[in-house]
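Reader: I would like to learn how to read the features of a model such as this one. Please start with contacts and go on from there.

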Amino acid sequence: MTKDKIIAAALALFAKNGYEGTSLSEIAKAVGIQKPSIYNHFKSKEEIFFTIYENILWFHVHKVEKLIEDIKGLNAKEQLFQILDLTFQYYIDYEEQSTFLNRAVFFPPENLKEQLHEQFMVSEEAMSAILRTVINKGMENGEIRKGNIDDFIISYYCLIDGIFIELSYYGVEKMKPRILNIWTNFWFGLKND
């Protein structure tokens, strides 16, 4: 239980103040424990940060895996849109995690930079495997034009990353009505005529 409280408190502090702006003392205070008690659960601030980062990355991948299982009967277009919509909703529903991830990706702690990048690439490959299956199915069904699947995946990631950035600029209310338009234009370049 205390470990979960440490993670929750650290997440809030890291999201607000960044890695460098958060101390173990502040985390301990937010949990209501003494700083040495943290060491019963984590070796260091770095381990706490990396644990949160890894949890966030894999939480999203697992949500997408579950979604795909639930919508496996839909065509590729609908599946890709559902993944996009789930990801957009994730950014809204899990704002603290999204802020944390944003900071970790764009302003990683120097001493964790390589480790964070490696873990990001592992989780991205898991996500790419899902997308590869959906896009390949779409090509086989004649729904998606023939092309390099990995290029399509890269474009899809750019679409998602762009929405993430736009959401931080414009907020939820302005972005919600834009999603369908953004998707429609993206799909226009992917579909088989």
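Author: A contact here means heavy atoms within 4.5 Å. In this protein chain, residues 24 or more positions apart account for 70% of the contacts with a separation of 6 or more. This is a predicted model, in which local features need pLDDT of at least 70 and side-chain atom pairs count only at pLDDT 80 or more, while totals for chains, interfaces and linings use all residues. Residues are numbered from 1 along each chain as its sequence is written, and side-chain values use heavy atoms, with hydrogens and water left out.

Reader: How many helices and strands does the protein chain have?

Author: Helices (H or I, at least four residues) and strands (E, at least two) are DSSP runs, numbered from the N terminus. The protein chain has eight helices and zero strands. Its C-alpha trace spans about 65 × 30 × 30 Å along the principal axes.

Reader: What share of the residues of the protein chain count as buried?

Author: Buried means under 20% relative accessible area, exposed over 50%, and partly exposed in between, with a 1.4 Å probe and protein chains only. Of the 193 residues, 41% count as buried.

Reader: Which residues of helix α2 are buried, and why do they line one face?

Author: In α2 (residues 24-31), the buried residues are L24, I27, A28 and V31. Seen down the helix axis, they fall within an arc of 100°, so they line one face of α2. The arc is that of the directions from the helix axis to the C-beta atoms. K29 and A30, on the other side of α2, are exposed. The cover over the buried residues includes α1 (2-17), α3 (35-38) and α4 (45-70). Just after α2, G32 takes a positive phi of about 90°.

Reader: What does UniProt list for residues 23-42?

Author: UniProt positions are given in the numbering used here, feature names are shortened, and annotations may be inferred rather than shown by experiment. The unreviewed UniProt entry lists residues 23-42 as "DNA-binding region". In the model that span is 60% helix and 0% strand, with its end C-alpha atoms 14 Å apart. The UniProt annotation "domain: HTH tetR-type", also from an unreviewed entry, covers residues 1-60.

Reader: What is the volume of the largest pocket, and which elements give two or more residues to its lining?

Author: Rolling a probe the size of a water molecule over the atoms shows where empty space is left. On a 1 Å grid over the protein atoms alone, a cavity is a set of points where a 1.4 Å probe fits but cannot get out, whereas a pocket is an open set with protein on both sides within 12 Å along at least five of seven lines; lining residues have an atom within 4 Å of a point. Grid points are joined across faces, edges and corners, and a volume is the space filled by probe spheres set on the points. The largest pocket has a volume of about 670 Å³. Of the 26 residues that line this pocket, L57, L101, V105, F120 and D161 are the closest to its centre. The elements giving two or more residues to the lining are α4, α5 (76-93), α6 (95-106), α7 (113-140) and α8 (149-190). The largest share, seven residues, comes from α7.

Reader: What is the volume of the second largest pocket?

Author: The second largest pocket has a volume of about 230 Å³. Its largest share of lining, five residues, comes from α8.
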